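User: I want to learn how to read a few features of a structure. Please take me through them one by one.

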Amino acid sequence: WDVKLFELARNIIKYGDVFFYRREKKNTPWIFIPTKAVKNAVVASSDITDVSGWHITTDIKSPSVAGQNYSIFGSVGNGTTGHNSTSAGTDVFNTEEIIRFTLNNDLSEDAPFGQSVLNIVWKPFKQKELLEDACVIYKISRAPERRVFTIDVGDMPDQKRRQVLEQFKNELRQKKIPSANGGQVGVDSIYNPQSINEDIFLAANGDKKMATIDVLPGGTNQSTDELKWFWGQIWRGLRIPDSYVGMSPDIQGTFNDGAVGIAYIQEIKFSEYIERLQKYIDHILDKEF
């Protein structure tokens, strides 16, 4: 228990249920059953909380050696455990054979299964994850700085303005190279994105009217306030006090050993919440030992 009790409690918080297989021989270690191996519960037709057995996948670890299959319950010969087989690799186990730690108290909608403590924060966690991806995408797509060209077109009509802008753009964005086949012109125009090392030459007339080039900064909207808000939602959903994680600007992870000083009301409520969760484990250990 000194080694496995932490992982046991962690899995109960994470999944809501932890299953072990009780060996027939006494004073032998229980066999841990992965949560994903428990497929269904066998319940009474009139009471969903009256569980009489479990459908468990037994071939979740089944390397084949010399014609024998090995499951989570050890060597089982032909791949079955001697129980009622419902499908390939899935058997029915009685409740007496299974030791179950659960957060279920027959009052939740997930009965007869327990509900994970993380269930309440699943939505804000996924939202935070999507926002993190969006920040990375924005950082990459908006990182390059771009130039804004302002061209003086005077009193030209709209159609003429578009022609001047198009001509100006082509002159900047196209590079003249000798034509491969010679031809009449002798040069070809290819696309040439402006490099930061290339110089730009513009002509100015006497009245100082000319094209101007401004730099449009990229990736400036990089606030992390939204991420901090979602992080706060996750911690609050788990009932973890701000003083434990330093989320509040006026609380920097203040440590209190309970002997000296004061305890925040959030810490008192959290400790009571932990004690309620511990009771789900205590009564199973009291029953088995």
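User: Is Phe289 buried or exposed?

Analyst: Buried means under 20% relative accessible area, exposed over 50%, partly exposed in between (1.4 Å probe, protein chains only). Phe289 counts as exposed because its relative accessibility is 63%. The model is predicted: local features need pLDDT of at least 70, side-chain atom pairs count only at pLDDT 80 or more, and totals for chains, interfaces and linings use all residues. Residues are numbered from 1 along each chain as its sequence is written, and side-chain values use heavy atoms, with hydrogens and water left out.

User: Where does Phe289 lie?

Analyst: Helices (H or I, at least four residues) and strands (E, at least two) are DSSP runs, numbered from the N terminus. Phe289 lies in the segment after α6 (265–288).

User: What is the strand order of the open sheet of three strands?

Analyst: Two strands pair if DSSP finds at least two bridges between them. Here the order is β2-β1-β10, and the pairing is antiparallel. β2 (31–33) and β10 (98–102) are the edge strands, each pairing on one side only.

User: How many bridges join β1 to β10?

Analyst: Five bridges join β1 (residues 17–21) to β10. Opposite Phe19 stands Arg100 in β10.

User: Which strands does helix α1 touch?

Analyst: Contact means heavy atoms within 4.5 Å. Helix α1 (residues 5–15) packs on the sheet and touches β1, β2 and β10.

User: How many helices and strands has the protein chain?

Analyst: The protein chain has six helices and 14 strands. Of its 289 residues, 25% are buried.

Conventions
Axes fitted to C-alpha atoms, helices over the stretch in contact; angles between N-to-C directions.
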